[in-house]
Amino acid sequence: RTYYVRTDGSDANTGLADTSGGAFLTIQKAIDVACGLDLSIYAVTIQVRDGTYAQALTLKPYLGVGPITIQGNASTPANVVVQATASNVCSASFLPGRWSLKDFKLQSVTSGHLLVVTGCAVDVSNMNWGAAPGSSIQILVTQGGIVQQVGSYAISGSALCHIFLDNGSVLYGAGSTTITITGTPAWDLAFAYVSSCSNYRT
């Protein structure tokens with residue numbers, strides 16, 4: 001099943017049509033609806049159309065095999081911006097199922113990490129990592145969390161760290177990953193900081 005999210009949609013819609021009268025307005029609504037299903041052996045895609053979505057996302061547990069994939073614009077990920085003010089942009093904590101995030105840009109307006117994965121597994125691909133102001137981190141993985149970074153990606157903003165791994169966490173790279181850096185982003189602590197039995201596998 002595919003759910004659609006558009007800036008001209010409505011959370012009163014079913015989310016099942018790629019029109020203003022059918023699509024959801026918020027990504028979180030699509031997440032909540034998808035996680036309310038019994039997926040059995042099936043997967044769900046949440047297709048997010050171009051625009052800026054000012055909302056913090058919380059990934060949730062679901063029943064079934066999955067995964068649930070949230071995807072934006074494959075050719076121009078920066079056309080789909082998800083941002084939050086003074087909070088983490090996307091969080092996943094101790095989830096039994098696997099989630100996949102691809103083809104969009106995450107950024108924080110004033111403070112807050114971009115992606116926080118705690119004790120569960122999330123795949124990311126073709127992302128654009130924007131600014132994470134103050135002491136915030138672009139990819140924070142902790143308490144045994146696993147992030148698989150599939151393929152190449154872009155960085156367009158500064159942060160305390162791009163990658164921060166702690167408490168037995170792992171980030172797997174693709175081996176031949178190309179990171180495209182635009183502008184002059186800086187990392188006050190380190191590009192990648194790995195501690196407490198964690199592992200960064202490029």
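A disulfide here is a pair of cysteine sulfur atoms within 2.5 Å, and the structure holds zero of them.

Quick word on where this comes from. This is a predicted model, where local features need pLDDT of at least 70 and side-chain atom pairs count only at pLDDT 80 or more, while totals for chains, interfaces and linings use all residues. Residues are numbered from 1 along each chain as its sequence is written, and side-chain values use heavy atoms, leaving out hydrogens and water.

Is Cys197 buried or exposed? Let me give you the cut-offs: buried means under 20% relative accessible area, exposed means over 50%, and partly exposed is in between, using a 1.4 Å probe and protein chains only. Cys197 comes out exposed, at 77%, whereas Cys120 is buried at 6%. The closest cysteine sulfur to that of Cys197 is in Cys161, 18 Å off, so again too far for a bond.

Now the inside. In soluble globular proteins, nonpolar side chains tend to be buried together. We call it a nonpolar core when buried Ala, Val, Leu, Ile, Met, Phe, Trp, Tyr and Cys residues are joined through side-chain atoms within 4.5 Å. The largest one here has 47 residues, and Leu59, Ile70 and Trp99 touch the most other members. Its largest share, five residues, is from helix 1, residues 27-35. Helices (H or I, at least four residues) and strands (E, at least two) are DSSP runs, numbered from the N terminus. There's also a second, separate core of five residues, including Cys161 and Phe164.

Let's zoom in on Ile68, which lies in strand 5, residues 68-71. Ile68 is buried, with a relative accessible area of 0%. Contact means heavy atoms within 4.5 Å. Leaving aside neighbours within four places in sequence, the contacts of Ile68 include Leu39, Tyr62 and Trp99. Ile70, not counting residues up to four places away in sequence, touches Ile27, Leu59 and Trp99, among others.

Next, the sheet. Two strands pair if DSSP finds at least two bridges between them. Six strands make an open sheet, in the order 3-6-9-12-15-18, with parallel pairing. Strand 3 (51-54) and strand 18 (179-181) are at the edges with a single partner strand each, so one side of each has no neighbour in the sheet. Strand 3 is joined by four bridges to strand 6, residues 80-84, and there Ala54 has Gln83 as its bridge partner.

Last stop, aromatics. Rings of Phe, Tyr and Trp (its six-membered ring) pair if their centres lie within 6.5 Å; planes under 30 degrees apart are stacked, over 60 edge-to-face, and the rest tilted. That rule gives four aromatic pairs. One of them, Phe164 with Tyr193, is stacked, at 5.0 Å centre to centre and 15° between the planes. The two are 29 residues apart, with Phe164 in strand 16 (residues 159-165) and Tyr193 in strand 19 (residues 187-194). Phe164 is buried at 16%, and Tyr193 is partly exposed at 35%.
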